[in-house]
Amino acid sequence: MSAYIPYGVYWSTPFAKWQGSLANLNALPLAAAVGKQALAARGYDMAQIDLAILGLTNPQKGSFYGLPYVTGLMGIDRVAGPTVQQACATSVRALQMAAQEVQCGTATSALLVMADRQSNGPVVYYPDPTGTGGYGTTEHWVPDNMGHDPYAKNPMLQTGENVAARYGISTAEQHDLKLHRYGQYQQALAHDRAFQKLYMADVPLTDSKFRKQTGVLSADEGIFPTTAEGLAKLKPVMPGGTVTFGGQTHPADGNAGAIVTTRDLARAASTNPNIEVEILGFGQARVEPGYMPMAPSPAAFNALKNDGLSIADIHAIKTHNPFAVNDIALARDTGFAWEKMNNYGSSIIWGHPQAPTGLRAIIELIEELVLRGGGVGLFTGCAAGDSGYATVLRVTDSRKG
């Protein structure tokens, strides 16, 4: 695949806790404001953008207009493109679409904008004149869909329990992983958040109509302090189960973005022209109903196979891990120790806004590979519908020979 991400021309906001600082802000104008500011700060000429892709999983007011609404607000109102929804796989799907457009020559500079707000999700009314009394049905978009898969007939939490049972994963092992992930996240906070400041963009906080700025969100909000003693006090959420609140992630709000382009344009736009970020390929998979946390493994193997690689060629792995069992199952399937995955953090710590979750992890994967002097990285994660999606990247630093 001949598509590249200019080093440094990507960003993620901090992720804010459920009903926190971003709860009342429409995710679309917020993402437009942050994206415009982030591209300007990186000196990127937005006149080069000839395609944009919006990732959004929770409808917002105005989302019928989707991507054209966002690019209009960003000042590039001649740029068109689709709005993509694939649950927590949205970022990787959008990245693949952008890479394919660049490779096919139908775009030269594609903008990705991934935006979501779990807080204050919409309540959708579906008319049904044939229903009892002529009444329709109502869906609370976020909690109803977390609580029930209409095909597999189970809540998301049940998928974690199903995989824990199949792999023989205990609560204690899940807690060990969560505590380790919390320690890895502390690495990203070291030296005044030096790692996060490589990519993280501040969020201007305003009233709900975006008229008056009231503050700035500069760091993740709602991270749960995690200790072995605290985890030991938690009981499984489901009777007879193994997954506690400590063994899973939390809903959050935020957005992320990136540019995908040709090799020459990426080199010209990079904040460090010595560093090249090449998109090698993708893989997806779907497992049996009710076993969502297993899906990242076959997706990863498909991505590696498509790229002619094996797990032995991978230097770093980042995952979307809404449950601790995700990473334990992935480690057992691949032989890649879970302790070595997700350096600097992952979604089980910083939360789950859905569309931007994967892109933030991919950005952190790039920065981790840069810090180690280059290498090949794998991102893989699960998504609603017992599916998984993975991508493989190569980072090269010409200064390292």
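Visitor: What makes strand 14 (residues 374-383) mostly covered?

Guide: Strand 14 has 10 of its 10 residues buried. Buried means under 20% relative accessible area; exposed is over 50%, partly exposed in between, with a 1.4 Å probe and protein chains only. The model is predicted: local features need pLDDT of at least 70, side-chain atom pairs count only at pLDDT 80 or more, and totals for chains, interfaces and linings use all residues. Residues are numbered from 1 along each chain as its sequence is written, and side-chain values use heavy atoms, with hydrogens and water left out.

Visitor: How do you know that both faces of strand 14 are covered?

Guide: One side carries G374, V376, L378, T380 and C382. The other carries G375, G377, F379, G381 and A383. All of these are buried.

Visitor: What makes strand 13 and strand 14 a pair?

Guide: Two strands pair if DSSP finds at least two bridges between them. Strand 13 (residues 316-320) and strand 14 have 5 bridges, in the parallel sense. They therefore meet the pairing rule. H320 stands opposite G381 in strand 14. Strands here are DSSP runs of E, at least two residues; helices are runs of H or I, at least four, and both are numbered from the N terminus.

Visitor: How is strand 14 joined to strand 15?

Guide: By 10 bridges, and the two strands run antiparallel. Strand 15 covers residues 387-397. T380 stands opposite A390 in strand 15. Strand 14 and strand 15 form a hairpin with 3 residues between them. In the turn, G385 has a positive phi of about 85 degrees.

Visitor: Which strand is joined to strand 15 by 11 bridges?

Guide: Strand 12, again antiparallel. V277 has V395 of strand 15 as its bridge partner. Strand 12 (residues 275-286) is mostly covered, with 10 of its 12 residues buried. Strand 1 (residues 4-6) also pairs with strand 12, antiparallel over 3 bridges. There, P6 stands opposite E276.

Visitor: Why is helix 1 called oblique to helix 2?

Guide: The axes of helix 1 (residues 27-41) and helix 2 (residues 66-74) cross at roughly 45 degrees and come within 8 Å. Axes are lines fitted to C-alpha atoms, for helices over the stretch in contact, and angles run from 0 to 180 degrees between N-to-C directions. Under 35 degrees is roughly parallel, over 145 roughly antiparallel, 65 to 115 roughly perpendicular, and the rest oblique. Helix 1 and helix 2 are therefore oblique to each other.

Visitor: Which residues make the contact between helix 1 and helix 2?

Guide: Helix 1 gives L28, P29, A32, G35, K36 and L39. Helix 2 gives Y69, V70, L73 and M74. Contact means heavy atoms within 4.5 Å.

Visitor: What is the angle between helix 9 and helix 10?

Guide: Helix 9 (residues 296-306) and helix 10 (residues 324-334) pack at about 45 degrees, with axes 9 Å apart. That makes helix 9 oblique to helix 10. P296, S297 and F301 of helix 9 meet N326, A329, L330, D333 and T334 of helix 10.

Visitor: Why is T137 called partly exposed?

Guide: T137 has a relative accessible area of 48%, so it falls in the partly exposed class. T137 is found in strand 8 (residues 137-140). Not counting residues up to four places away in sequence, T137 touches V124, Y125 and Y126. The C-alpha atoms of T137 and Y126 are separated by 5.2 Å, at 11 residues apart along the chain.
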